[in-house]
Amino acid sequence: MATIKVIPPREKIPDTLRVAAYCRVSSDSADQKHSYAAQIRAYTDEIGAHEGWELVDVYADEGLTGTRMEQRDDFNRMIADCRKGKIDRVLVKSISRFSRNTRDCLATLRELTALGVTVCFEKENIDTGTLTTELMVSVSGALAQEESVSISKNQRLSYQRRMERGEFITCKAPYGYRLKDGKNLEIHEEEAAVIRLIFARYLAGVSTTEIAAELISMGLRTRDGKEQWSTFSVAYILQNEKYIGDALCQKTLATDNFPFIKKRNQGEKDQYYVDATHPAIITKEDFERANALLLWRSSTRGKTQKKYLLTKTIYCGCCGSVFSRKETKNGYVTWACRTHNYQAQNCSMGRIPETEIYAAFVRMYNKLKHNEAIVLKPALAQMDDLNAALQRGNPAMLEVNRAIADASDQCYKLTVLQTRGLLDADACGAKLREVNAKLAELRRERRRLLQNEDLEDVMEALRQTADTVAAGPERMDSFDEILFTDLVEKITAESQTCLRFQLRGGIELTEQLGEVSR
C-alpha cells in the first residue's frame with residue numbers, strides 16, 4: 001500500500017509589510033494640535049525604523065468627533081485604500097481613536113479582517129491578527145463609547161450649572177449682537193437696524209415670507225453670511241427674547257442616549273429665564289405685540305400640536321394607512337403601519353426604528369444641501385416659467401403686478417422713515433394700514449385673474465423649502481427637529497428599507513434605511 005504524506009499549505013508572507021497608521025484628535029485646542037502633529041511624526045518614524053515594514057501613509061483627521069464614521073475623510077480614505085489592496089497592516093493608538101461607536105468599530109474590523117488587513121491597537125495591546133474572538137474589542141469599544149457619552153454629559157453639566165447661576169447666555173451671538181470676551185453680548189448697530197426693521201414690518205402687517213423676500217432683495221446677509229433669508233429665520237427673530245435683553249437658556253437639548261439627537265426642549269428638561277443679561281434692541285412692548293400677532297396668525301391657520309414629531313407624517317406605501325408609534329419599556333421606539341399592527345396578513349409592512357427614520361432624514365438633507373443647485377433651483381425655475389406663461393398676454397395681470405410692486409415699495413419707504421424717526425409713528429401706522437389693505441385687495445385680484453391659487457401656494461411652499469435649505473447648515477451631523485418640521489410634509493414608507501420624503505412644495509426624494517426590526 002502506498003504511503004501518503006500530507007504537505008500542509010505554506011502561508012504566504014510578503015517580504016515587505018505595507019503598513020499605515022491612523023490618528024485623530026477630538027479638539028482644535030493648541031495642545032491637541034501639537035499632539036496631532038506629534039502622532040504623525042511618531043508613526044512615520046516607527047514604521048520607517050521597523051525592518052520589513054514599508055510606510056503607505058499616515059491617515060489623520062483633525063478636530064473631528066469619533067462617534068460618526070462618515071465625518072472622517074482620512075479614515076474613509078484609509079478604508080478605501082485597504083479595499084484596493086494597498087495596505088496590509090494598520091496601527092492605531094487606541095480603540096477610542098479608531099471609533100467610539102461599538103457597532104461601527106466591529107463592522108469595520110470584520111471588513112478589514114476579510115480583506116486580510118490586521119489592526120493593532122497600542123493602548124489596549126490588541127492585534128486583530130492574533131485575535132480569536134471579538135469579545136475584547138467589543139468590551140473596549142463599549143468603553144470608548146461610554147467615554148464619549150461621559151464627556152458629553154460632563155460638558156452639559158457644566159452648562160447646566162452656569163445656567164442655574166444665570167451666568168450662561170449663549171455659545172453663539174444671535175443676529176444683531178456680537179460676543180465680547182466670550183460671554184457678554186454687545187449690540188452690532190448695522191444688524192440691530194435690520195432687527196428693528198423686521199419688527200416694524202411685521203407689526204405693520206407684512207408676513208414673515210414677505211419680510212424674508214424684502215431682506216433678500218435688499219442684499220442683506222444672515223448672521224452666517226448667507227444671502228438667503230427664510231420664513232423660519234424671520235419668525236425665529238420675532239420670538240427671540242434676546243432682543244429685549246433677556247436670555248432663555250436650554251431652548252434645545254441633546255438626548256441622553258447615544259447617538260445624541262438635537263431637538264427642541266418641550267418640557268423634557270428645565271429652562272432658565274434670566275432678565276436683563278445684556279442691552280436690548282427691541283422694546284418689550286413691541287416684542288409682546290409681535291408675538292401676540294404670531295400666535296393669532298398661527299391659531300387662525302388651524303394649526304394643532306401633535307403629540308409626537310412623526311404623528312400623522314408617515315404613511316404606508318403598500319396600503320396607504322398612517323403609521324403608529326410603539327415604545328418598549330427600555331425606550332426603544334418604532335413606527336409601523338396600522339393595518340399591519342391590526343392584522344399582519346393584510347399588510348406586509350413591518351416596523352421601522354425611529355432612529356433609522358431620523359438617520360435617513362439626515363442623509364437626505366445632506367444630499368439635498370450638496371445638490372441644491374441641480375434639484376431646487378431648476379424646480380423653482382420651472383414653476384416661475386409656468387407662472388409667467390399663465391400671465392403672458394393678460395394686461396390686467398401685468399397691471400396688478402405693477403400696482404403690487406409700487407405698494408410694496410411704498411410700505412418699505414414708510415417703514416424706513418419711521419425707524420429713522422423721520423415720520424410720526426401714529427401717522428405712519430395709519431398710512432401703513434391703508435397701504436397694506438390695498439395690498440391685500442390687489443393680491444386677491446391677482447389670485448382671481450390667475451384662477452389658480454394652488455399654483456401660487458405650491459410656488460410659495462417651494463420657495464420656502466429652497467430658502468430653508470439655503471439657510472441651513474452645510475452639513476447636518478445629527479437629527480435636527482426644527483429643520484425636519486420646516487422641510488418635510490409627508491413620508492411614505494415604500495418598504496422597510498426605503499422611505500420617500502415629500503418636501504413642502506412637492507419635491508420628493510427617496511432614501512434607503514439601514515437595519516430594521518421585524
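## Ground rules

Two strands count as paired if DSSP finds at least two bridges between them. Helices (H or I, at least four residues) and strands (E, at least two) are DSSP runs, numbered from the N terminus. What you're looking at is a predicted model, where local features need pLDDT of at least 70 and side-chain atom pairs count only at pLDDT 80 or more, while totals for chains, interfaces and linings use all residues. Residues are numbered from 1 along each chain as its sequence is written, and side-chain values use heavy atoms, with hydrogens and water left out.

## The whole chain

Let's start with the overview. The protein chain has 16 helices and 18 strands. Of its 518 residues, 41% count as buried (that is, under 20% relative accessible area; exposed means over 50%, and partly exposed is in between, with a 1.4 Å probe and protein chains only).

Now for contacts, meaning heavy atoms within 4.5 Å. Take the contacts in the protein chain between residues at least 6 apart in sequence: 62% of them join residues at least 24 apart.

Strands of a sheet pair through backbone hydrogen bonds, either parallel or antiparallel. (Axes are lines fitted to C-alpha atoms, for helices over the stretch in contact, and angles run from 0 to 180 degrees between N-to-C directions.)

Strand 17 (residues 498–503) pairs with strand 18 in the antiparallel sense, over five bridges. Look for glutamine 502, which stands opposite glutamate 508 in strand 18.

Another open sheet has three strands in the order 13-14-15, with antiparallel pairing. Its edge strands are strand 13 (323–327) and strand 15 (352–353), each pairing on one side only.

Strand 13 and strand 14 (residues 333–337) run antiparallel and are joined by five bridges. Serine 324 stands opposite alanine 336 in strand 14, and glutamate 327 has valine 333 of strand 14 as its bridge partner. The hairpin of strand 13 and strand 14 has five residues between the strands, and in it glycine 331 takes a positive phi near 90°.

## Strands 3, 4 and 5

Strand 3 (residues 89–92) and strand 4 (residues 118–121) run parallel, joined by four bridges. Here valine 90 stands opposite valine 119 in strand 4. Strand 4 also pairs with strand 5 (residues 126–127), this time in the antiparallel sense over two bridges. Phenylalanine 121 has isoleucine 126 in strand 5 as its bridge partner. With four residues between the strands, the hairpin of strand 4 and strand 5 includes asparagine 125, which takes a positive phi near 55°.

Check out aspartate 88 too, in the loop between helix 2 (73–83) and strand 3. Is aspartate 88 buried or exposed? Aspartate 88 counts as buried, at 15% relative accessibility. Leaving aside neighbours within four places in sequence, aspartate 88 is in contact with Thr16, Leu17, Arg18, Gly116, Val117 and Thr118.

The axes of helix 6 (residues 189–203) and helix 7 (residues 208–217) come within 10 Å and cross at roughly 145°. Helix 6 makes the contact with Val194, Ile198, Arg201 and Tyr202, and helix 7 with Thr208, Ile211, Glu214 and Leu215.

Buried residues of helix 7 include Thr208, Ile211, Glu214 and Leu215. Just after helix 7, glycine 219 takes a positive phi of about 75°.

## Cysteines

A disulfide is a covalent bond between the sulfur atoms of two cysteines. How many disulfides are there? The count comes to zero, using the rule that a pair of cysteine sulfur atoms must lie within 2.5 Å. Cysteine 337 is in no disulfide, and the nearest cysteine sulfur, that of cysteine 319, is 3.4 Å away. Cysteine 337 is buried, with a relative accessible area of 0%. Cysteine 23 is buried as well, at 0%.
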